[in-house]
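Please have the sequence and structure open while reading.

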Amino acid sequence: AMEGNVEKKIEEKEVKIVSAISSKKKVTIHFRAVGGGTPIMKRKKFKANAASKFSSIVTFLRKCLKFKESDSLFLYCSQAFAPSPDEHIEDLFNCFQLNGELEINYCTTDCWG
């Protein structure tokens, strides 16, 4: 019975390691400002955890731009649609990446609503 427990523990560790590796996968996010009044960041490319949700990108960009909760900020993928906050970055990247980057357009007014 001991052997079975040891094998099970090893298998559990392997699963944890594999999921840890996949959660460490990074993708390149390329932010592009759109519209006249939208602040432009000096650094435009960042690495994001592929397993994270799109909402983490929104939070990150708000911090970079020093936006308050009341400041409006719209984010778009491929100059076309606003991803749901629950979308996984990896899914968006797999569907819409261009030259190994996920382009996210941002603006202070609703550009492509």
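Three helices and four strands make up the secondary structure of the chain, in a model that is predicted. Starting at the N terminus, the order of elements is α-β-β-α-β-α-β.

**Chain as a whole**
- Of the 113 residues in the chain, 27% are buried.
- The accessible surface is about 7,800 Å², and carbon and sulfur atoms account for 55% of that surface.
- Among contacts with a separation of 6 or more, 65% join residues 24 or more positions apart.

- In soluble globular proteins, nonpolar side chains tend to be buried together.
- The largest nonpolar core here contains 21 residues, and Ile29, Phe31, Leu61, Leu75, Ile104 and Tyr106 have the most contacts inside it.
- At least two residues of this core come from each of E1, E2, H2, E3, H3 and E4.

**Helix H3**
- H3 spans residues 89–96, and its residues Ile89, Leu92 and Phe93 are buried.
- These three lie on the same side of H3 because they cover an arc of only 100° around the axis.
- An α-helix has 3.6 residues a turn, so residues three or four places apart point the same way.
- Asn94 and Cys95, on the other side of H3, are exposed.
- The cover over the buried residues of H3 includes strands E1 (26–33), E2 (45–49), E3 (74–77) and E4 (101–107), together with helix H2 (54–64).

Note on methods
Residues are numbered from 1 along each chain as its sequence is written. This is a predicted model: local features need pLDDT of at least 70, side-chain atom pairs count only at pLDDT 80 or more; totals for chains, interfaces and linings use all residues. Side-chain values use heavy atoms; hydrogens and water are left out. Buried means under 20% relative accessible area, exposed over 50%, partly exposed in between (1.4 Å probe, protein chains only). The arc is that of the directions from the helix axis to the C-beta atoms. Contact means heavy atoms within 4.5 Å. Accessible areas come from the Shrake-Rupley method with a 1.4 Å probe; for residues, only the protein chains shown count as cover. A nonpolar core is a set of buried Ala, Val, Leu, Ile, Met, Phe, Trp, Tyr and Cys residues joined through side-chain atoms within 4.5 Å.
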